[in-house]
Amino acid sequence: MRQQASSPEEPDRDSEPPDSDILPERFARWFAERDWHPRDHQLALLRHAIARKSALLVAPTGGGKTLAGFLPSLMELVQSDKRKRRGIHTLYISPLKALAVDVARNLCTPVKDMNLDISLETRTGDTPQSRRQRQRYAPPDILMTTPEQVALLLSHKDAGRMFSGLRNIVLDELHSLVTSKRGDLLSLGIARLRKLAPDAIEIGLSATVARPSELRAFLTPQNAGSDITRLAEVVNAGDGAPARIRILDSQERFPWSGHSARYALHDVYEAVKAHRTSLIFVNTRSQAEMIFQALWHLNEDNLPIALHHGSLDVSQRRKIEAAMVEGRLRAVVCTSTLDLGIDWGDVDQVINVGAPKGASRLAQRIGRANHRLDEPSNALLVPANRFEVLECRAALDAASEGAQDTPVARDGGLDVLAQHVLGMACSEPFVADDLFAEVKSAAPYADLPRQTFDRVVGFVATGGYALRAYERYARLRKTKEGRYRIAHPRVAQQYRLNVGTIVEAPMLKVRLGRARKAGTGPPRGGRILGEIEEMFIEQLVPGDTFIFAGEVLRFEALREMEVIASRSGDTEARVPSYMGGKFPLSTYLADRVRRMLADPSFWPRLPGQVAEWLEVQRWKSIIPKPDEMLVETFPRAKKHYLVCYPFEGRLAHQTLGMLLTRRLERAGARPLGFVASEYALAVWGLEDMSAMIGSDRLPLGKLFDEDMLGDDLDAWLAESALMKRTFRVCAVIAGLIERRHPGKEKSGRQVTVSSDLIYDVLREHEPDHVLLRAAWVDAGTGLLDIGRLGTFLKRIKGRIRHSVLDQVSPLAVPVMLEIGREPVHGEAREDLMREAADQLIEEAMRHEPAGETRA
């Protein structure tokens, strides 16, 4: 356990009040001309920068964080001799491409107004190759970029020249980076920047911080061999105006299940009409496409409404962003691409469709409205189903208390370290001792053992023991002087094509074709609309229609890596599904939902339909206490069901379902399948599980014992497709599997086959391989969420309540509706779900209250 050095996490308090005298006359005049004055926290951060101390600024949305982060750079550049500037002076790093572009646009205002002789540019994956190439040889004073581009720049031989004059590193929305593999990659990149530019300082900017010490450690080099965690300075701006948040209480019937929120779209449209500009946040790209299309059908007033998500072509996204800045749009349906920091002053309402899944995410999103420190943000939460009403209420209460639930900082990933090791070798040959000390200075890797580091270097060099016989995995050679260098120049080329930690499913470009005459073949290629997942397109045949980029398209043909499509007049079409982008329910919100559910005195604060649902559940079955888990068993349609309510999120529930069915199979329950939601898990089989649990054949305490994470888990992982998928992600990040090659890209099927073959070889011949270890760690918090499942099993030990029912309970209806869903879209699907819900509820109301056993 590392101890912390430096001061406690309190607002920055100086012995004398902040004084704007430190501002040069030109800057002071610029503030005065706008009737502004620099805020205390902006001046406090400026003083730290002048003293060359790294610092973290924690300020609410609209608190002027961006200007505070750049004031030191602007002042220093103005006071310097342009002829003596060397390379990049300030490196601004953002988690979002859109945020980097937005900040550049906003920073241009003071630069232009004060006629400052300062050059600033952006560099993201959307930047043209010619400009990126030029930036290496003629870099701007201020470069705004992303973690991946930093890694790319550091892999070049001229990185030392480019960054030797670096003075400031500004890390925006830092909280969103430090808990992910992107944060691991960024921390290693900053460790190298500290070596290239030892005089540089780091400035972290964040609005939502649960544990400031973790971010402060990220901004400071850690001492190898020391148990003391070094912390940067902290400036706390205090709280902004409290947000005005309400939950939609629609006159329509709340759905029992599903995520479309179609019932509420009339209300959403009316809310858009009542405000100047609205951001409509959803949790997935599929949902964004569906809701945008539905709103257009309701748009009798011809309001300018746009769509924004990461799969749209960059030109389309930039047009939408520009239209927002100019105030030409009334609403934008968007995903997390616009979550962070985007400063659009005309936005006066945020609508969140679906539960936000986390208190911090909600705070971040609602901060997009009235993006000013002293003005409250306006937000409308639109739950998509009845359980989401509880979740939205929990998130609203957390927001009113200022509570945060950002994930706890994690140890750095070994697959990311492998990528970084190769990148450093591409830049210049390295000595292992020197690189180890550099890596240890990065906070996520401060506790990295030398033996583990050496194994990672060995893997990068040869592929590891099981793969060293294959020349293709030999990427590093050791020189006579003991330095590691790349084995061939093409290794560097391949690294730069595949750098990064965001591993999405393989994508295909969607090109809108120009119509041809009948019988002359598919349309000719026109403009690019964006990218869509290969797996979705594989399910289509020519003539099928699908929704993308806000339009209904007809699939015409697949040409190499491009989908050729034409516009269609169909009103019903398939919505593309995407593997990524689904947020898990945070542990913090899950705990609040359990407490809310267990407290009948709270129910009157919920919409009447939801309160009545819970009252019927209390009468017909059981409402568990916050530290208990309810298990219900009942027969239906010649099958027997077991439904439990862990409230631990879909990923943990899926893993629990896999392990539970193995145990039920051994006990003779003959399970047929299971389905998991964010809140519950349902298992069905051929044997009466009520009777089995009531006897000694299937005691609940044994069924949900922690030992299921032992042999049962190992046996399941050996054959699990999810574990192979987790390994596949690690293998791609570590460079063992290369998706991109010059002029071509591997298909998803090719990547899967290659990865699965290697996985099987390593499990048999080198089970302690560094990538298998990395995959196991990822399984704890990623697709399998084993870590959260383990905590849950400890929590419920001796606290399981069993309700024996004759029919399905009201609480079980939502998860029961997940079983056997047909791929029916649009209103037909809603009608089917409504019909099924009516039938299930009728059954639940027909019989007497249940009996109970405890475990």
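A residue is called buried when its relative accessible area is under 20%, exposed when over 50%, and partly exposed in between (1.4 Å probe, protein chains only). The model is predicted; local features need pLDDT of at least 70, side-chain atom pairs count only at pLDDT 80 or more, and totals for chains, interfaces and linings use all residues. Residues are numbered from 1 along each chain as its sequence is written, and side-chain values use heavy atoms, without hydrogens and water.

The chain holds 31 helices and 31 strands. These are DSSP runs numbered from the N terminus (helices H or I, at least four residues; strands E, at least two). Of the 855 residues, 58% are buried.

Salt bridges number 51. Each joins a side-chain nitrogen of Lys or Arg to a carboxyl oxygen of Asp or Glu within 4 Å. One of them pairs Asp415 with Lys181, with the closest N and O atoms 2.4 Å apart. Asp415 lies in helix α15 (residues 414-427) and Lys181 in helix α8 (residues 181-196), so the bridge ties together parts 234 residues apart in sequence. Asp415 is buried, at 1% relative accessible area. Lys181 is buried too, at 13%.

A salt bridge also links Arg455 and Asp768, at 3.9 Å between the closest N and O atoms. Arg455 is partly exposed at 31%, and Asp768 is partly exposed at 48%.

Asp591 and Arg595 form a further salt bridge, at 3.1 Å between the closest N and O atoms. Both lie in helix α20 (residues 587-597), four residues apart, or about one helical turn.
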